[in-house]
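Hi,

Here is the structure I promised to pass on. Have a look at it first, and then read my notes below.

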Amino acid sequence: MWRNKNFILLMFGLAVSSTGLWVGIIGNLEFLQKNVESSFLQALIILSGFLVGIFLAPLAGRVIDRSVKRNILIYAGFARVVAILFMYLAIATNSVWWMVIYTFVIGISGTFANPAMQTMLPLIVKKDQLLGANSVHVNIFTGARIIGTALGGVMLVAMSLYSLYTVTLVSYVILLIATFFIRADEDVKKKKDAKAKKENFLSTIRELYPVIKKQRMVVNGIFLLIPAFLFISGFNLMVIEISELQNNPGIKGILYTTEGLCVFIGTFIANKFFKDKPKLTYMLAITFVIATAQLSLFFAEHQIMSIISFGIFGLAAGTLFPVVTTIFQTDVPSEYHGRFFSIKGMIDNIIFQALMLLTGLFLDTIGFKVMVVSFGISSFIYVSIIVLRHLSTKGRMNRESVEISK
């Protein structure tokens, strides 16, 4: 895998651009804090890019499936570079509207780039190396989050906002240049619809449903990610709450670092023990571990327990995500990859935002301890239902095979 020039180029570009992305996120928050007083309006501006992506996801998936993925990545990379110019205008004029345009362009580019990258990996990496490649991808994003936020925080104290976005601009340019040198064998089949069907969510779902329904591991993988999303969506809010519970601002950095390091270890475990076809029982066990991490946050007022809880989650998430992503890339037919990853990304964003709002609501109403216990118990019940359905299906298949053999 590490002798694969295309893989190295893609990962190098992602590492640099992801770090720049997180530096830019720190800049976004600072700009909004200075120019927008309402927290609700700040949230709307941040979410506007996601909302644009939600509407464009079906179209993006179909375009990716019918186009050269490398070209999609190049166009998306160019759009990101242009977006930074709008942010320069926003800073120069203190105009939030320029930032809204910047957010729209970034959201649109991400809607095309993220699923295109997911479909690109199986084209440049051998099937038996795909799990390792996805593990590296998870590690890169986690490391970029840690380094990027730390770098952005330091730069914010010593430099201007222009400097932060210049770092982001340079990182996007590096990714764009790296993408030009990637070569992949792509068999693109351009189909023309006789009735020029409209690209929308429902029509794309109708196309994907019969394909995905046949792939039980894909269906199970989609559902098993929900408990992890329940934890991740409220991650920042929970870190703030734990900091207040312990009256210790320094715990924020410790929790972020602990979770990030444990994600690295989790991806190593995934690459070491899940190279063969992953069994559903193992994936269910990992999801039970995530539910346990949620429940253990009941004791988060104690520093060591909060660190252990975030460490357990990091290990489980670092193991589960690359395994599930590999299942998606191998079990979903390649001609549907663009549509599948686009729609999945759109649904993930909707679930993520809904769960984040739910976390904020629960923190304001029922409190942190009741919330984490509720989330943990809900996750246990949710996964238990999947286990029971799996056992029921397995029992029925065994009975049918016995009857056939008779």
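**What I found**

His337 sits in helix H14 (residues 337-365); helices here (H or I, at least four residues) and strands (E, at least two) are DSSP runs, numbered from the N terminus. Before going on: this is a predicted model, in which local features need pLDDT of at least 70 and side-chain atom pairs count only at pLDDT 80 or more, while totals for chains, interfaces and linings use all residues. Residues are numbered from 1 along each chain as its sequence is written, and side-chain values use heavy atoms, with hydrogens and water left out.

Back to His337: its relative accessible area is 3%, so it is buried (buried means under 20% relative accessible area, exposed over 50%, partly exposed in between, with a 1.4 Å probe and protein chains only). Beyond its neighbours within four places in sequence, His337 is in contact (heavy atoms within 4.5 Å) with Asp65, Thr119, Pro122, Phe328, Gln329 and Val332.

Now the chain as a whole. The protein chain has 15 helices and zero strands. Its radius of gyration is 22 Å, which agrees with the value near 22 Å for a compact globule of 406 residues (taken over C-alpha atoms; the rule is 2.2 Å times the number of residues to the power 0.38). The C-alpha trace spans about 80 × 55 × 45 Å along its principal axes. Buried residues make up 48% of the 406, and of the contacts with a separation of 6 or more, 85% are between residues 24 or more positions apart.

Phe368 is in contact with Met238, Glu241, Ile242, Leu245, Leu297, Ala300 and Leu363, leaving aside neighbours within four places in sequence.

Helix H9 (residues 226-233) has six of its eight residues buried: Pro227, Ala228, Phe229, Leu230, Phe231 and Ser233.

How many cavities of 30 Å³ or more does the structure hold? I get one. On a 1 Å grid over the protein atoms alone, a cavity is a set of points where a 1.4 Å probe fits but cannot get out, and lining residues have an atom within 4 Å of a point. Points are joined across faces, edges and corners, and a volume is the space filled by probe spheres set on them. The largest cavity holds about 30 Å³, and its lining is Leu230, Phe231, Met238, Gln294, Leu297, Met371, Val372 and Phe375. H9 and helix H15 (368-405) are the elements giving two or more residues to that lining, with the largest share, three residues, from H15.

Gly148 is in helix H5 (residues 130-158) and counts as buried because its relative accessibility is 0%.

Finally, two loop residues to check. Asn94, between helix H3 (69-93) and helix H4 (96-124), has a positive phi of about 55° although it is not a glycine; its relative accessible area is 51%, so Asn94 is exposed. Asn247 lies in the loop between helix H10 (235-246) and helix H11 (251-273), with a positive phi near 50°, and is exposed at 67% relative accessibility.

Cheers

Methods: On a 1 Å grid over the protein atoms alone, a cavity is a set of points where a 1.4 Å probe fits but cannot get out, and a pocket is an open set with protein on both sides within 12 Å along at least five of seven lines; lining residues have an atom within 4 Å of a point.
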